[in-house]
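Subject: Structure handover

Hello,

Here is the structure I said I would pass on.

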Amino acid sequence: MAIDLAQTTGPAPADAPSSDFAEAMSALATGVVMVTNWLDGRPWGMTVSAFASVSADPPTILVSLGSETTSARSIEERGSFGVSILGRHHRAAARHGAARGASKFLERFTDSRGHGLSPSVGGALAHLDCDVIEVVKVADHTIFVGRVRDVRVAAGGEPLVYFRRAYRTLGRLTNPLTRRRIPCPSS
Ligand SMILES: Cc1cc2nc3c(=O)[nH]c(=O)nc-3n(C[C@H](O)[C@H](O)[C@H](O)COP(=O)(O)O)c2cc1C
């Protein structure tokens, strides 16, 4: 049975303490992406884990960025952005893109791309070029829904993982029968 919230009486339910919430979220292992854009004609990138695939047809994704970040402000202005999916070798790039209040110009981590596309991190596992199709403000974050206009995928590589506030990599893949390591093409 649906509950009509407008009809309920009594005090509004209290929110869970934000420190408990942060602790719970730290237990979720996520991939790490760099959300990129152009700023003053230069590549800029912010490290993000709040990235999700929304739909395959048409290809649509979302990212959730703090509304006060330089990235959120300039993506809202420009209407496009990129998402580079980071690999295990991208810790330095991830740290660079997560430094609060610091410059996040990305020249030393980007590869050259065609004019008009978003900047991409060199050696990324995949890169998506997106146009913003919807902007949703929730609490202190802005959710950008992006239609994916161009995709580039690397042949192999292992992901960078974030879990309990630390960067990690996946354990070695082994064949359960031979117990031999399954080689990864580019790690
Ligand atoms: C692994 C990792 C994931 C992050 N994910 C997000 C995210 O999904 N959304 C967000 O707003 N900030 C996220 N952050 C924090 C931002 O990277 C950081 O606050 C931001 O780059 C600061 O930008 P500013 O200097 O423009 O304020 C993450 C940080 C790390 C280390």
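Predicted model: local features only at pLDDT ≥ 70, side-chain atom pairs only at ≥ 80, totals over all residues.

Residues are numbered from 1 along each chain as its sequence is written.

Overall
The protein chain has three helices and twelve strands; helices (H or I, at least four residues) and strands (E, at least two) are DSSP runs, numbered from the N terminus. Of its 187 residues, 27% are buried. Buried here stands for 20 or more other C-beta atoms within 10 Å of a residue's own, with C-beta atoms placed from the backbone. Two residues are in contact if their C-beta atoms, placed from the backbone, lie within 7 Å. Among contacts between residues at least 6 apart in sequence, 65% join residues at least 24 apart.

Strand pairing
Two strands pair if DSSP finds at least two bridges between them. An open sheet of three strands has the order 1-11-12, with antiparallel pairing. Strand 1 (30-31) and strand 12 are at its edges with a single partner strand each, so one side of each has no neighbour in the sheet. Strand 11 (residues 160-163) and strand 12 (residues 166-169) are joined by four bridges in the antiparallel sense. Within this pair, Leu-160 is opposite Thr-169 and Phe-163 is opposite Ala-166. The two strands form a hairpin with two residues between them, and Arg-164 in the turn has a positive phi of about 50°.

Strand 4 (residues 51-56) runs antiparallel to strand 5, with five bridges, and a hairpin of two residues connects them. Ser-55 faces Thr-60 across this pair. Strand 5 also pairs with strand 10, antiparallel, over seven bridges, and there Leu-62 stands opposite Val-145.

Helix 2
Ser-71, Ala-72 and Ile-75 are buried in helix 2 (residues 70-78). Seen down the helix axis, the buried residues fall within an arc of 95°, so they line one face of helix 2; the arc is that of the directions from the helix axis to the C-beta atoms. They pack against strand 2 (33-39), strand 3, strand 5, strand 6 (80-85), strand 9 (126-138) and strand 10 (141-153). Gly-79 follows helix 2 and has a positive phi, near 85°.

Core
A nonpolar core is a set of buried Ala, Val, Leu, Ile, Met, Phe, Trp, Tyr and Cys residues joined through C-beta atoms within 7 Å. The largest one has 28 residues, and Val-33, Val-35, Leu-65, Val-83 and Leu-86 have the most contacts inside it. Strand 2 gives the most to this core, with four residues. Beyond its neighbours within four places in sequence, Leu-86 has contacts that include Met-34, Ala-93, Val-121 and Leu-160.

Ligand
There are 16 residues around the ligand, of which Ser-49, Ala-50, Gly-66, Thr-69 and Ala-98 come nearest; a residue counts as near if its C-beta atom, placed from the backbone, lies within 6 Å. Strand 3 (42-48), strand 5 (59-66) and helix 3 (91-98) each supply at least two residues of this shell. By type, the shell has seven nonpolar, eight polar and one charged.

Regards

Note on methods: Nonpolar A, V, L, I, M, F, W, Y, C, P; charged D, E, K, R; others polar. Buried ≥ 20, exposed ≤ 12 C-beta atoms within 10 Å, placed from the backbone.
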